[in-house]
Amino acid sequence: MAVNTPLNPSFAAARLSESEIRNRVSVLKRFKELLIEQRQRLHSYIGILDRQKDVIEKGSTEDLLAHVELEEKVVAGIISLQKSIEPMRSVYELAVSDGDTGSGIPELNLTLEKLKNEAARRAENNKALLQKRMVLVRNELKNLRSNPYAKRKSIYTDNQSATLFDISG
């Protein structure tokens, strides 16, 4: 025998008006869309980090600079989307406070956390690779500056004054 209590989903659904149900459904759909978009952006960010790793190891500084700029844009997009997800998460939690977990929201949240952790791990790996590359470039510059031939002056640079020769005989 089912008892009509606030925790019983059929009782909760019966006391909700049609507009409240539509409102909850729209909140759920919008929140799910934002989470899916965040997942897609994190996937693209991980792809950028993979390509950046190759550029750090083998590419030129111009390629590396381009990847860093691209990474900054993607991270800014992820952060701005995260700023819109957090208030929506609060609205979602209030809307589904009756025990309805929504269609796939917990799974999406779990996937997003895994992707965030993977992106952070790869970013740290790229940071370590970049630091190693910077040490190599600094050593190359130091070797170029300490080149003994670079400090050697031309025999013609000592005396910069004009010289007169008597050719009259």
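**Note on helix packing and salt bridges**

1. Lys116 and Glu113 are about one helical turn apart, being three residues from each other in helix 4. Their side chains form a salt bridge with an N to O distance of 3.7 Å; the term requires a side-chain nitrogen of Lys or Arg within 4 Å of a carboxyl oxygen of Asp or Glu. Lys116 is partly exposed at 28% relative accessible area, and Glu113 is likewise partly exposed at 42%. Here buried stands for under 20% relative accessible area, exposed for over 50%, and partly exposed for what lies in between, with a 1.4 Å probe and protein chains only.

2. On the basis of the model: it is predicted, with local features needing pLDDT of at least 70 and side-chain atom pairs counted only at pLDDT 80 or more, while totals for chains, interfaces and linings use all residues. Residues are numbered from 1 along each chain as its sequence is written, and side-chain values use heavy atoms, leaving out hydrogens and water. Helices are DSSP runs of H or I with at least four residues, strands are runs of E with at least two, and both are numbered from the N terminus.

3. Helix 2 (residues 18-58) packs against helix 3 (residues 61-95) at about 160°, the axes being 9 Å apart. That angle makes the two helices roughly antiparallel. Axes are lines fitted to C-alpha atoms, for helices over the stretch in contact, and angles between N-to-C directions run from 0 to 180 degrees. Under 35 degrees counts as roughly parallel, over 145 as roughly antiparallel, 65 to 115 as roughly perpendicular, and the rest as oblique. The crossing of helix 2 over helix 3 is left-handed, meaning that the near helix is turned anticlockwise from the far one by less than a right angle; clockwise would be right-handed. The contact residues comprise 23 nonpolar, eight polar and eight charged. Nonpolar covers Ala, Val, Leu, Ile, Met, Phe, Trp, Tyr, Cys and Pro; charged covers Asp, Glu, Lys and Arg; the others, Gly among them, are polar.

4. Helix 2 also packs against helix 4, at an angle of about 20° and with the axes 9 Å apart. These two helices are therefore roughly parallel. Helix 2 passes helix 4 in a left-handed crossing. The residues of this contact are 18 nonpolar, six polar and nine charged.

5. Which parts does the pair Arg122 and Asp50 tie together? The two side chains meet in a salt bridge at 2.7 Å, N to O. Arg122 lies in helix 4 (residues 105-145) and Asp50 in helix 2, so the pair links parts 72 residues apart in sequence. Arg122 is partly exposed at 22% relative accessibility, and Asp50 is partly exposed at 35%.

6. Within helix 2, Arg41 and Glu37 are four residues apart, about one turn of the helix. They form a salt bridge whose closest N and O atoms are 2.9 Å apart. Both partners are partly exposed, Arg41 at 27% and Glu37 at 28%. The structure holds eight salt bridges.

7. Gln52 also belongs to helix 2. Is Gln52 buried or exposed? Gln52 is buried, with a relative accessible area of 4%. Not counting residues up to four places away in sequence, Gln52 touches Leu64, His67, Val68, Glu71 and Asn126, where contact means heavy atoms within 4.5 Å.
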